[in-house]
Structure formats: C-alpha cells, structure tokens
Amino acid sequence: MKLSKRIEQNIETIKHELQNSSDLVLREFDLNFNQIPKIHCALFYLEAMVSNSQVTNAILQPLMHEIRDFDERVSTTFIKFIQESALTIGEVGEETELDKVLLSIMTGNVILLIDGARTALTIDVKGWKHRGVESPQTEAVIRGPRDSFSEPLTINLTLIRRRLRDPDLVFERITLGKRGHNDIVLAYIKNLAHPDLIAEVRKRLQKIEVDVILDSGYVEQIIEDDWWSPFNTLQDSERPDEVVAGLVEGRVAILVDNSPFALLVPATLNSQMMSPEDYYVRWPAANFIRIIRFIASFVAFVTPSLYISLVSFHPEMIPTQLALSIAATRDGIPFPSYVEALMMELSLELLREAGIRLPGAIGQTIGIVGGLIIGDAAVRAGIVSPIMVIVVAMTAIAGFIIPTYTLSFGLRISRFFLMIISSLLGLYGLTLGLLLMLGHLATLTSFGVSYLSPWAPLNIHDLRDSIIRSPWHRLKHRPQYTSALDPTRQATHTSKKRKAKKKQS
Amino acid sequence: MNYRFRLLIIILLAVISAGCWDSKDIDKRSFVMGVAFDLEKTGQDLVMTLELPVLKSFETGTDGGSSNTKKTKAVISTTGTSIAKMAAGFEARLWRELSFGHTKVIIIGEELAREGIGEIIDFFDRNPKVERRLKLVIAQGEARDIFKTAAVREPIASTYLYQMLEVVTPTTRVITHNFQDSLRYLEHNGDTILPRVRGTDEELIVAGSALIKDYKFNAWLGENETRAVAFIFNTVLGGVITANVDNINYSYAIRKTTTKIRPQLGDNNQLVFTIDINAKGDITEVFSEVPVNITEDLIKKIQAKLNQIIADDMHHTLKKFQELKTDPIGLSILTKRRYPKFWNQNKAHWKEVIVPEIKFEVKTNFIIRHAGILS
C-alpha cells in the first residue's frame, strides 16, 4: 500500500496500523516558509527508541525556527529541499510504501510526513538505552583486549571494523524473522573467504523462517549441519578479536542483533580448543598452555568413567598401595561405585547450574557450601568415598579449562554416556565408548569441513596450529581448512633471506 | 520408528544384557598379597596359605594415629588337592572374591618343591589377572612361616619380600627374576633358578637361591654361586665385591655391568660359550690401618684380582651345573636361536649329553672408575 497525498489520511492509517500503540509519539507542526503557504507536517516515532535531543535539535529546531526560505534553485522539489538542506542528520531516506514506513518506525527511525507529498522521510536518530562494551564473561583472557560484543549490532560491527580497516570487509545485512524483523549481518572479507562458503551460509540463512530471532543461538541451531550431535558445529564467540582472527583466516562470521555472541563458520574441534590468548603470549607459553588444555579436556572427559571401570572391573590395574587404600575407604559405602560416581557427577552439574542462576554474591557461597561442606559431610557420612571427591574435583577443574562454553557442554553430556557404558562393560566399554565418540566426531562436518580437521583427514600444514602453535614466523600461511583464496598471510622474505644465506655458506 | 533410534535401542540392549558379568567393586574383593604352598604332614594334600591385608588399617586420615596398634594382616590356611578348589573354599569363608591381581609373591616350601612346582605354577599362569611381575620364591623350611614375619616398617611379609627382590637396594645376593622370567626358563626346559627365602620373627633373609631341575627343587646355591648366576642373567645392578690385594681388603662397589653370552659351534660340534662381563665401579673402602696410596699400578692389581674372583666363581658354578646335568641359565634358548639345526638334532638329550660337554670361555673386565678422595 502506498502513502496517500493527504497527511490526515496518512496519520490515521499509521495510527491504525500500529494499533494506536501507547509508545507511539505523534508530533504535528506547521512549516512557515516565506515564499509558500503554511504546510502541515507530522513526526512519528517510538518513544524510547529515538534520541530526544536529536529530535529537538536536528529536526524540530531547523524546521520550525531556523529555515525560512525555500529556494527552488537549490532543490527541485520541496521534499528534496527538506532532505538535503534542512535536516542536519546523517542518514535520511525516502519511503513511499506504507509497510516500509511502519518497519522504519519499528526499527527506531523518525518518520516525517509532509502534507501533499506521497513520500515520507525516514530519519535515523536511533538512540535507546543499551549495555555498553564490557569485558568478556565466558572467554576472559589475561593478556589481550578486554572488550566483548554487546547487544546492539551497530556496536558489534564497530568493534570488528575498528580492528579490520580492510575495504574488502563486507557486512551483508539480512532481515530475518516474520514478526521480529531482526537484523543479521553476514561478515566476511571479499577476495579472501571462499565464495562457495559465503554462498552456502547465505543460502542457509535465507531459508530461516521463524517468528523472531532472540539470539545467535537460534540461527546456530537452525543452520547447523547435524542437530543430533552433542557437539556444536558453529563456533560462538563474544570476543571481537577472535572473530576478526577468524575473518582473516577466511572464515565467515554471522552477527545477530541483540546477541553478544557472534558465530564463526566453518568450526572444527581444533578451532574451538583455542583461546585468543594463545596468539598473544609467546609461543613456548602458548604451547605449554595448549598441551595442558588438551590433556585436561581428556581428563575431564574420561576420569569418572576410568574410575568406575578400574574400581569395579579392573582393580589389578591400580597400584597396590592405592588399590588397598581405595578398597579401605570404599569399605562400608552402601552404593556400588557407578552409583557413587553418577551421583557425585550429577551433584557437580547441579552446583554448576545453581551457581549460574543464583545472584552473584550468593553464587560464590554455593560453591563453598556445595563443594567443601557437602563434599566433606558426604564422606564423613559414608555416602561417598574420599577418592570419589578427588575424581569429581578433578573433572570439574579440568572441565573449566576448555575455552569455549558451548564445546564444554558437548563434552559434559558425552561424559555421562561414557560413565554409563563403563559401568556396564568396564575398560572395554570405555574403549568402545571412546571409539564411538571418535567415530561420531569424524562424521561431523561444519559447512563441508571435517570436524576433526586437521587430524582427520590429516592436514600436515594445519597441524602447526593445533595442539602445538608454531612461532609466528612459521605461520606464514593461512590454515587450509577454510580454503581461503589468498593462502599467504605473511611476507616470505625473511625465510628467503635465510635460504640465501645458507646457499652462500 | 526412526532407523537410528532403533539401532540405538539394539546396541543398548546388547550392552545391558551382556555387560556387568565381571563387575565387582573393589571393596567386594579380597586382595591376596602373597600365597604360600606347603606339603601337608601326611605328604598327600597341599596346604595353601594366604596373606591378606586388613583393609581398615590402610584407611588414612579420619581416625589417624592409632594405626600402629591395629591388626594389619590376616593369614589363613586350608588344605586340599587342587588350588582352584581351595581358592573357592577361601571365597566362601571370606564372602569376598579372591583377587590375585595384586599378589606380590608365590612362596613354595622346600618339601613341596622337591615334589615338583609345575602344578602350582599352572594355576597362576592360566589366570590372566595375575600380575606377571610377582616373584616366585622357594622357602627354606615351611613356606607359610614366612607370613609370620612382621617387620616394624613392613608388617605385610609379602610386600616386604617383594620389595627386597625388586632391587630396592642393589645387591648381588638375589636373583631378581619375576614370574614371567621364571616361566620363560621353566617352560623351555624345566630348569631355572629361584630366590631362597628364610624368615625370622622380625625379618626376612633373602640370600642364595634354589636350583630347579625338571620342575623339581634340586639343590641350594650359595651366595657366590648366586652372584655368578646374577652376572649370567645380567641382572646385577649393584653390590659390593671385596678383593684382597697384598693382605689389604678393597671394597669394590659395582655401578654398572653388562654381560654378553655368545654360543659358538666349533669343529666336530663342540659348543663353546663365551661369557663376556664388563663392569664399572668404584673403590669405596680400603680396609687398612695405614692409609694406602692408590697408584695406577695398584688399581691394575685390584682389577686383576676382581677379574679372577668373578671368573673363578663363574667356572665353579658352571661346572656345578654341568655335573648336575642341568641348564637353568638358558643356554638352550641361546643355542636354539643361534643354531636352530644343531638344537633340533640335540634337544632330546640336551641336558644329559650336550650340557656336560659344553666349554666355557669367561672374559671378565672390571674397571675401577675412581677410588674416592682422602682429604
């Protein structure tokens, strides 16, 4: 439906279409210009979504007081004159469709209707209250930038743009959501990210048909490759530096308005085991931490099931002294070891979840109360053995080393699967379970990239940035799993010089 | 129903119905630290004795302190004709499954060993959960008496004995072979050498060894003979040899030795074994009233004396084996490897005919690295 020429009718239509909503503001005024008769105008906007001072200073002030002369030599039509000479706002557009006008009001623009014109002006003076840029909550680092994404898309795009002044950086905006009309931005570097990858992401995004997208989690779950798996095949990050690092590797980022988590594709297990800090500290430290991280994630994954299978199936594999002391402490405990382990692991999950839900100050207390007091009391009461408390504590501590929250979820869930199969089949079961997990991981793909890359299929080039991170001067090429168009990321002259020196000598 | 879901259910059913059969919690098992076998007075039945730790005494923390006064082990015996049957009997008495996974020693009494040890070894060899690092020992006298020993720091005799045989302190007085090694020699030709143990109330004495011939105890070997065997087995990790030069005793501490044994089949099928011993060590003591100036000359003399001592021991021990027509040191294994044809021709009468005819060439090379410093 097009706008009408008569302003009264337009006002009525808009009011009617927006159900005369209580937060809708209508400001009617007249333009008193010297050369022409009085013109009736109206402003429409949503109350708390625009900056009131801007509306006053940049729209009402010039139109009502400052500008008195309409000069036909300056602009062809009156509406062009207002747009070009009167409004001191950066982004002003014209709109003739009623639907577009309505959507424009909803996104926080001010609509200026002028009597006699079929066109409405959309003036961008968005200004709502939002959370500022804060330090990351789930991916904190010690060395490295401390800013993280916030809810407004504009801020998030700024955070990326500030780090990457590449003119090839593309922010492709897609509006999704039948009712929400939420903005989603597809970010990539043109001439670097593989066009097929971009096309695939775009295709999958455009297929989304939901009411509203409240967080990037919606997008992730709708476009992921395998919804069965406990593992996520899209990487999420609240760190702009991590997203930029992904972009320059040739990956594609998806940012969702109102979500502080950006998505990165393709994502592999390897890429999610890395923390941005690995690249900021020197390589010996980075390698040390990375190796520990890989060991720790394995520990968190198998320790409880290893405990179950050793204690209830193969005690001859425990060193004698330890076996005797475990047997002694388990003596008199009414539950079999697998019940004990499942019980304790479940209460660990309980504590974790409770810690998140409880208000900050109490959250700390629940850790102490739950971990120390209940743990100690359970041992004294003879419900669990002390060695089980150690096992649970180790699992918990090692679990927190995994840098991505989403990935650690997958591992936490599969841990219970391993515990159940170990309590049925012992070490044999644990081996079977691990093989099953390995098989499953090997079948996963993320936008055509194997989830276990670079280990399976083996990519020797990419191995230099997996469990081991090579020093920067050895990372001259981008990782290959992204199929980036430009494989080189560092000048190679240093190595050429070295080779030349070698030849001379 | 979805194919994947059906598959999952089938796998789960298979796992649940097939699993758990050998699941037995650690506290529902009885760890046997040591087993002793003796011959009953009548000479018919076996006496099987177990040494079991009392779990409560291993509990640390909560009670604390009083553990010294607690009973730390239980020794129980039964008689019977088959080991499996006796083990089942023990399980009924203890209402716990016997676990041989942590068994440290199997001790066989002298009298029983004379009758044969093959039947006893079989039960443990057949059980895959038995740790192969355990020690097979021959006791002088009754084997079960060993468990009566309660040393102050090691109340459990089995672990005490095991630690001594596991070369915690380097010595040449024992054979450190474990169950697997002993089995290798026994299964080859029925001969081997096992450590000898004797117990008093407060300590165990491990010295010398027992010569097993055709799965039967044959003779005791003295300490010097045992040392020679240890050199042949290449298990010497330390120990002290005393050499007397010009009426002064010099103590030589062995730091590292390597022994190489090579068979050589000469003309007219004469088998010659070259035993090459290289040892490095230090002089740690000069037992003399006046300080002795250790010159290069003296060092050469001591080295020559050491070479002579070991070579003499070696010849003496090997001669004894030849006279007893036994091959406990695996000469047959080496011959089979090097001269399979010769071995196949002679394996039937190996111990009776070939062993007494073997010639031995012993080369010893003892090196003194340093003699210590006198300030």
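Predicted model: local features only at pLDDT ≥ 70, side-chain atom pairs only at ≥ 80, totals over all residues.
**View 1. Where chain A meets chain B.** Welcome to the contact between the two chains, to which chain A gives 26 residues and chain B gives 23 residues. Together the chains bury about 2,500 Å² between them, and 63% of that area is on carbon and sulfur atoms. There are 4 salt bridges between chain A and chain B. In one of the salt bridges between the chains, Arg330(A) pairs with Asp27(B), with the closest N and O atoms 3.1 Å apart. Polar contacts between chain A and chain B number 11 residue pairs, both residues being at pLDDT 80 or more.

**View 2. The chain A side of the contact with chain B.** Here we turn to the elements and residue types on this side. Helix H11 (283-312), helix H12 (320-330) and helix H16 (405-443) of chain A are the elements that give two or more residues to the side touching chain B. Which of these gives the largest share? That is H12(A), with 10 residues. By residue type, the side of chain A that touches chain B holds 15 nonpolar, 7 polar and 4 charged residues.

**View 3. Glu316(A), in a loop of chain A.** Take a look at the loop between H11 and H12 of chain A, where Glu316(A) is found. Is Glu316(A) buried or exposed? Its relative accessible area is 18%, under the 20% cut-off, so Glu316(A) counts as buried. Leaving out residues up to four places away in sequence, Glu316(A) touches Arg29(B), Gly101(B), His102(B) and Lys129(B).

View 4. Chain A is divided into domain 1 (7-123), domain 2 (153-267) and domain 3 (283-450). Between the C-alpha centres of domain 1 and domain 2 of chain A there are 34 Å. For a closer look, pick out helix H3 (residues 78-86) of chain A, in which Phe78(A), Ile79(A), Phe81(A), Ile82(A), Gln83(A) and Ala86(A) are buried. An α-helix has 3.6 residues a turn, so residues three or four places apart point the same way. What covers the buried residues of H3(A)? The cover includes helix H2 (52-66) of chain A, along with strand E1 (24-31), strand E2 (39-46), strand E3 (92-95), strand E4 (110-114) and strand E5 (120-123) of chain A.

**View 5. Leu372(A), an exposed residue in a helix.** This leucine, Leu372(A), is found in helix H14 (residues 360-380) of chain A. Why does Leu372(A) count as exposed? The reason is its relative accessibility of 60%, because exposed means over 50%. Val389(A) is 17 residues from Leu372(A) in sequence, and their C-alpha atoms are 9.8 Å apart in space.

**View 6. The two domains of chain B.** Moving over to chain B, we find domain 1 (28-221) and domain 2 (235-375). The C-alpha centres of these two domains of chain B lie 31 Å apart. Their contact takes 19 residues from domain 1 of chain B and 20 residues from domain 2 of chain B. The two domains of chain B bury about 1,600 Å² between them, with 61% of it on carbon and sulfur atoms.

View 7. Lys351(B) and Asp214(B) form a salt bridge, the closest N and O atoms being 2.6 Å apart. Across the interface of domain 1 and domain 2 of chain B there are also 11 residue pairs in polar contact, both at pLDDT 80 or more. On the side of domain 1 of chain B that touches domain 2 of chain B, at least two residues each come from helix H6 (179-189), strand E8 (192-199), strand E9 (204-213) and strand E10 (216-221) of chain B. That side of domain 1 of chain B divides into 8 nonpolar, 8 polar and 3 charged residues.

**View 8. Thr258(B), in a strand of chain B.** Our last stop is strand E12 (residues 248-265) of chain B, where Thr258(B) lies. With a relative accessible area of 39%, Thr258(B) is partly exposed. Beyond its neighbours within four places in sequence, Thr258(B) is in contact with Asn234(B), Asp276(B), Ile277(B) and Asn278(B). Thr235(B) is 23 residues from Thr258(B) in sequence and 8.6 Å from Thr258(B) in space, C-alpha to C-alpha.

Notes:
Residues numbered from 1 in each chain as written. Chains lettered and ligands numbered in written order. Heavy atoms only, no water. Contact = heavy atoms within 4.5 Å. Buried area = accessible area lost by both parts, 1.4 Å probe. Salt bridge = Lys/Arg side-chain N within 4 Å of Asp/Glu carboxyl O. Polar contact = N/O pair within 3.5 Å; in protein donor to acceptor, adjacent residues only side chain to side chain. Helix = DSSP H or I, 4+ residues; strand = E, 2+ residues; numbered from the N terminus. Nonpolar A, V, L, I, M, F, W, Y, C, P; charged D, E, K, R; others polar. Domains from an automatic or database assignment. Buried < 20%, exposed > 50% of the residue type's maximum accessible area, 1.4 Å probe, protein only.
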